[in-house]
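Trainee: Could we go through this one together, starting with how the helices pack and then moving on to the aromatic rings?

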Amino acid sequence: MKFLEEVINELVVSFKTVYNLEVDASKLLLSPTKKEFEGDFTLVIFPFVKDLKKSPEQIGDEIGKQMVEISSQVKDYNVIKGFLNLSLTDQFWKDNLDEIVGTEVYGDLASKDEKVMVEFSSPNTNKPLHLGHIRNILLGWSCAKILQAAGYEVIKTQIINDRGIAVCKSMLAWSLFGDGKTPESTGIKGDHFVGDYYVLFETKFQEEYGEWQSTAEGQTVFATRADLDQSEAAFFKAYKNDYFNNYSALGKAAKEMLLAWEAGDGPTVELWKKMNAWVYAGFEETYDKLLVNFDKYYYESDTYLLGKDAVKKGLDLGVFYQKEDSSIWIDLTDAGMDHKLVQRRDGTSVYMTQDIGTAQLRYQDFGATKMIYTVADEQDYHFQVLFEIMKRLKEPFAEGLFHLSYGMVDLPTGKMKSREGTVVDADDLMAEVIAEAKAASDERGEIAEISAEEQQETIRKIGIAALKFFMIKVHPKKRMTFDPKESVDMQGQTGPYIQNAYVRIKSILRRANDGFGDYSTYNELEDQEKVLLTLVMSYPDVVLEAANGYDPSTIANFCYSLAKEFHKFYHDIRILGAETENAKSFRLTLSSVVAKTLQHGMDLLGIEMPEKM
RNA sequence: GGCUCCGUAGCUCAGCUGGAUAGAGCAACUGACUUCUAAUCAGUAGGUCUCAAGUUCGAAUCUUGACGGAGUCACCA
C-alpha cells in the first residue's frame with residue numbers, strides 16, 4: 001500500500017547497504033503482522049536466503065537492525081523463523097491518519113482519462129424483472145461504481161430486448177383478450193401487466209394445442225410423425241414448436257404480427273409503443289427502488305439489423321469466409337473454438353452479428369476503450385467467440401472487452417422456470433425483505449427521537465441492504481441458492497451489521513461535537529487502534545483490486561472486516577470516555593475515518609447508510 | 001465426448017499475485033445490556049481445504065491427472 005512506500009524504499013536501501021543486493025521494490029511485500037506476534041508489518045525473508053547464502057534468522061536480524069537505524073518510521077523489530085516483524089512509530093500512524101483525514105474523497109483513486117462502458121440488466125419487455133436480474137443489476141451497478149472510483153469515466157447502459165416473436169405474443173394476447181384494460185385502469189404495475197398477457201398467451205395457446213391434439217389433424221400428425229415407442233404425451237410435448245409454426249391459429253397470428261411490425265405497419269407499431277411504455281414505466285419503478293440508473297439505453301429494435309458492415313469488413317480482411325450456400329462464417333479452430341456462423345444464407349444477421357454491430361455502435365457513440373458485459377455464465381462461450389472476432393477485426397476496443405460472467409441464482413427446488421411459476425419476482429422480493437426488516441425492528445422497539453417517516457425510510461434502507469449485501473458478498477462466478485422461504489438474515493455477516501457499525505460511529509460523533517481536537521501528543525497507540533487504521537489504510541488497494549478483477553465481492557468482504565473490527569474496538573475501548581483528551585481526539589478521528597470508509601465502500605455496492613437504527 | 005466454471009466446518013462463504021497454528025457468519029451450547037443503543041461482543045464445539053502425484057525450504061493457493069456438480073458446444077436470443 002502506498003502508506004508503506006517509504007518503509008519499502010528504506011528496505012531496498014537496507015538490502016543494498018548491508019548486502020550490496022539490488023532488490024526490486026515490488027518484490028518486498030509487507031503484510032500486516034499476525035495478531036499472535038509482536039510487530040505491525042511483516043517481511044518474509046525466505047526468498048532472499050538463496051541469493052545471500054545466509055540463514056533467514058541472520059538476514060532478518062541484520063536487515064531489522066539496519067532499518068531501525070536508518071528509518072524514522074521503524075522503531076523496533078523481531079525475527080521469528082523467516083519472518084521479520086517491524087514495529088512502527090506512533091508518528092507513522094498519526095501521520096497516516098492525518099493524511100486520510102486530509103484526503104478529499106478517501107477511496108476515490110486518481111482519474112484515468114479513460115472511458116469504460118458497463119452493460120447490465122438488459123431485460124426482455126415481456127417479463128417483469130426477477131431474482132436473476134437482481135444479481136445482474138447489483139453486480140453491474142457495483143462494478144460501474146467501482147470503476148468510477150478507480151478513476152474511469154463510466155457509461156452505464158443496457159440493451160433492451162424489445163422485439164421478436166415473444167413480444168408479439170403479449171401484444172396479441174392483449175389485443176384479443178385485453179378488453180382495453182390498462183395498467184392505470186387495473187392498478188397493476190406496467191411490466192407485470194404486460195407480463196400477465198405474455199402468460200395469458202401461453203395459457204390460451206396451450207388450450208388451443210390441447211384441443212387440437214384430439215382432432216383428426218392432430219391424430220394424423222401423431223400417427224405419421226411419432227417414433228414407434230413414443231407415447232402420445234411425450235410426442236406432443238416435443239412437437240409444440242412445430243405446432244406453433246405449422247398449425248396454430250394463435251401462432252399464425254403472432255407471426256403475422258411480427259411481420260407487420262418488421263414492415264412498419266402503423267397500428268402494430270402504435271400498439272408496440274404503447275405496451276412498451278407501460279413496461280418501461282414499470283422497470284423504472286423497480287430500478288428506482290434498487291437505486292440504480294442508466295446513462296444510455298440501447299434497444300434491439302434499433303440494433304437487430306446491425307453488423308452487416310462488420311461482416312463485409314471481415315470478408316475483406318479475410319477474417320470471415322463464405323460458403324457455397326453464401327452463408328458467412330469464421331474459423332476459430334486455431335483458437336480452440338469452432339466455426340461460427342455470422343450471417344445466414346438469406347443474408348440476415350444472427351445474434352453474434354448483432355453483438356458485433358452493437359459494440360461498434362457503442363464505440364462510435366462514446367469512444368469507450370473498455371466494455372463490460374454483465375451476463376450470466378451460460379453465455380461464456382458466446383462472449384469468448386465475440387471477443388475473439390473483435391480482435392481479429394482489429395477493433396480498437398477489442399482488448400478492453402470483458403464478460404462479467406456470474407453464476408445463476410437457483411431456488412432450493414432448482415432452476416427458476418417461468419413456465420412453472422417458480423420465478424421470484426424482483427418487486428415482491430424487495431417488499432418481503434423490507435417487511436423482514438420491519439419485523440426485526442419492531443421486535444427491538446422504536447428508534448428513539450425520529451419521526452414515523454424517518455423510521456420507515458430507515459427500515460427500507462436496512463431491508464434493501466440485507467438483500468443487496470447477501471447477493472453481492474459472494475464471488476460472481478459462484479452459483480448461488482436463494483431460499484425465498486428463509487428470511488434474509490439481519491445479523492452476522494450482513495448489510496445491517498455493517499450499517500450498525502456506521503450508525504454507532506455517527507451516534508458517538510453526534511455526542512462529541514467538541515472532541516475533534518489535536519492528538520499530536522497521543523502516544524502508545526493501542527493494538528486495536530493500529531489494526532483498525534491498517535484496515536482503513538488498505539482500502540484504496542482494495543478498490544483497485546476490485547476494479548482490476550471486476551469483483552464487487554472484494555469490497556463487500558472488506559466492509560464486513562472493517563465493520564467487524566470496529567464493533568470489537570467499540571466494545572473494548574472507550575472512545576468518548578478515553579483516558580486523555582488526546583486519546584479521545586485520536587479515537588474520534590479514527591472512528592470518523594472508519595465511518596467515511598464504510599460509507600464509501602457500501603456506496604460502491606449500491607447500499608445506503610442510515611444515520612440511526 | 002471437447003471446452004469453461006465450481007468443489008474449504010452440518011449449512012452459506014472468505015482466504016488463492018505460494019509463507020507463521022486454514023478464518024468468518026448461520027445453526028447448537030455458554031456468558032455479557034442502570035454501559036459511547038446488544039441488528040453488538042466474548043467463549044465452547046465443529047476441518048484428511050474432493051482425491052492423487054509433481055514443483056518448492058514451504059502448497060488450500062501453482063502444474064498434471066482423476067472424481068463429483070453446473071454450463072456450453074443452434075442458420076435461438
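Mentor: One convention first: an angle of 65 to 115 degrees between axes counts as roughly perpendicular. Keep in mind throughout that this is a predicted model.

Trainee: OK, so how do α6 and α12 cross?

Mentor: The axes of helix α6 (residues 165–177) and helix α12 (residues 249–262) come within 9 Å and cross at roughly 110°, and the two helices are therefore roughly perpendicular to each other. The crossing of α6 past α12 is right-handed.

Trainee: And which residues meet there?

Mentor: From α6, I165, C168, M171, L172, S175 and L176 meet L250, A253, A254, K255, M257 and L258 of α12. The residues of this contact divide into ten nonpolar, one polar and one charged.

Trainee: Switching to the rings, how many aromatic pairs are there?

Mentor: The structure holds 47 aromatic pairs. In one of them, the rings of W261 and W272 have centres 5.3 Å apart and planes at 65°, so this pair is edge-to-face. The pair links distant parts of the chain, with W261 in helix α12 and W272 in helix α13 (residues 266–290), eleven residues apart.

Trainee: Is W261 buried or exposed, and what about W272?

Mentor: W261 counts as buried at 9% relative accessibility, and W272 is buried too, with a relative accessible area of 12%.

Trainee: What about F383 and F387?

Mentor: Their ring centres are 5.8 Å apart and their planes are at 50°, so the F383 and F387 pair is tilted. Being four residues apart in helix α17 (residues 380–392), F383 and F387 are separated by about one helical turn.

Technical notes. Residues are numbered from 1 along each chain as its sequence is written. Chains are lettered from A and ligands numbered from 1 in the order in which they are written. This is a predicted model: local features need pLDDT of at least 70, side-chain atom pairs count only at pLDDT 80 or more; totals for chains, interfaces and linings use all residues. Side-chain values use heavy atoms; hydrogens and water are left out. Axes are lines fitted to C-alpha atoms, for helices over the stretch in contact, and angles run from 0 to 180 degrees between N-to-C directions. Angles under 35 degrees count as roughly parallel, over 145 as roughly antiparallel, 65 to 115 as roughly perpendicular and the rest as oblique. A crossing is left-handed if the near helix is turned anticlockwise from the far one by less than a right angle, and right-handed if clockwise. Contact means heavy atoms within 4.5 Å. Ala, Val, Leu, Ile, Met, Phe, Trp, Tyr, Cys and Pro count as nonpolar, Asp, Glu, Lys and Arg as charged, and the others, Gly among them, as polar. Rings of Phe, Tyr and Trp (its six-membered ring) pair if their centres lie within 6.5 Å; planes under 30 degrees apart count as stacked, over 60 as edge-to-face and the rest as tilted. Buried means under 20% relative accessible area, exposed over 50%, partly exposed in between (1.4 Å probe, protein chains only).
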